[in-house]
Amino acid sequence: MARVLVIEDDAAINDVVTTRLARDGHAVTQAFSGSEARLLLGEKNMAFDLVVCDLMLPGATGEELVGLIRERDAATPVVVISARATAADKIGLLGLGADDYLVKPFDLDELAARVAVQLRHRGTAVSASAEALRYRRWTLDATARTLAVDDATEVPLTRIEFNILEALVRRPNKVFSKAELFELAWGEPFAGDDSTVAVHVSNIRAKLRATGTDDYLKTVWGMGFKLA
């Protein structure tokens with residue numbers, strides 16, 4: 001049973017989503033404002049396996065909450081639901097650390113399916129192998145799902161970011177298309193949105209910049225990504 005936090009100020013939508021996810025066997029906690037969600041996320045005994053979050057919220061915006069979640073926990077999946085449908089909105093939220101984005105009005109079965117995918121792959125690696133993976137100054141621990149540089153500096157990664165790096169490190173000479181990286185990192189068929197993978201790679205580079213290893217990730221124009 002997964003612990004899910006649903007943050008939505010529209011009571012009707014919140015109740016419908018909560019009922020649907022509870023029917024799937026999840027323990028669902030409801031928050032009807034950004035300020036209420038902030039309090040729940042700050043309670044030590046209120047750990048969640050996944051968060052479903054609207055953007056337009058009183059008290060604190062969805063963007064602020066996604067940023068707060070990522071500051072405290074790099075692994076908890078966040079599924080954003082919003083009426084804002086532009087590519088810029090989606091890219092911005094993925095850049096903040098959201099794992100998925102659904103535009104309102106959405107199909108409840110699709111939301112439930114996406115929640116199930118995020119939960120199924122939470123804490124799992126691209127491969128079942130649990131050995132430490134090394135590439136130049138990097139060490140990836142597939143069991144702890146951590147990345148260390150020079151065996152000292154740990155770089156916080158989201159689940160998707162770790163999956164992307166693990167796929168690249170396991171085959172360092174291969175050029176991965178965006179579709180291949182998407183299917184390896186998300187564990188589902190490629191949806192045709194090239195920007196999704198590109199945003200996550202950009203986030204990884206930004207996190208690595210302080211270590212001087214961001215240039216390990218090479219863009220192969222017209223093809224995809226590989227390790228330099």
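Visitor: Does D150 count as buried, exposed or partly exposed?
Guide: The model is predicted, and D150 is found in the loop between strand 8 (146-149) and strand 9 (153-155). Buried means under 20% relative accessible area and exposed means over 50%. D150 has 45% relative accessibility, so the class is partly exposed.

Visitor: What is the phi of D150?
Guide: Most residues other than glycine have a negative phi. D150 is not a glycine, yet its phi is positive, at about 60 degrees.

Visitor: Where does R136 lie, and what is its phi?
Guide: R136 lies in the loop between strand 6 (132-135) and strand 7. R136 is a residue other than glycine, and its phi is positive, near 50 degrees.

Visitor: Is R136 buried or exposed?
Guide: The cut-off for exposed is over 50% relative accessible area. R136 has 55% relative accessibility, so R136 counts as exposed.

Visitor: Which residues does the cis peptide bond with omega of about -10 degrees join?
Guide: Most peptide bonds are trans. With omega of about -10 degrees, the bond joins K104 and P105.

Visitor: How many aromatic pairs does the structure hold, and what kind is the pair of Y135 and W138?
Guide: The structure holds four aromatic pairs. In the pair of Y135 and W138, the rings lie 5.9 Å centre to centre, with 55 degrees between the planes. Planes under 30 degrees apart count as stacked, over 60 as edge-to-face and the rest as tilted, so the pair of Y135 and W138 is tilted.

Visitor: What kind of pair do W138 and Y216 form, and how many residues apart are they?
Guide: The ring centres of W138 and Y216 are 5.0 Å apart and the planes stand at 45 degrees, so this pair is tilted. W138 is in strand 7 (residues 138-141), while Y216 is in the loop between helix 8 (194-208) and strand 11 (217-220). The pair links distant parts of the chain, 78 residues apart.

Visitor: Which residues do ring pairs link into a cluster with W138, and are they buried or exposed?
Guide: Ring pairs link Y135, W138 and Y216 into a cluster. Y135 is buried, W138 has 0% relative accessibility and so counts as buried, and Y216, at 4%, counts as buried.

Visitor: Which residues does L93 touch, leaving out those up to four places away in sequence?
Guide: L93 is found in helix 4 (residues 87-96). At 2% relative accessibility, L93 counts as buried. L93 touches L55, E63, V66, V80, A98 and Y101.

Visitor: How far apart in space are L93 and M1?
Guide: In sequence, L93 and M1 are 92 residues apart. In space, C-alpha to C-alpha, the distance is 27 Å.

Visitor: What is the radius of gyration of the protein chain?
Guide: The protein chain has eight helices and twelve strands, and its C-alpha atoms fill a box of roughly 50 × 35 × 30 Å along the principal axes. With 228 residues, a compact globule would have a radius of gyration near 17 Å. The value for the protein chain agrees with that, at 18 Å.

Terms used:
Residues numbered from 1 in each chain as written. Predicted model: local features only at pLDDT ≥ 70, side-chain atom pairs only at ≥ 80, totals over all residues. Heavy atoms only, no water. Helix = DSSP H or I, 4+ residues; strand = E, 2+ residues; numbered from the N terminus. Rg over C-alpha atoms; globule rule 2.2 N^0.38 Å. Phe/Tyr/Trp six-rings, centres within 6.5 Å; stacked < 30°, edge-to-face > 60°. Buried < 20%, exposed > 50% of the residue type's maximum accessible area, 1.4 Å probe, protein only. Contact = heavy atoms within 4.5 Å.
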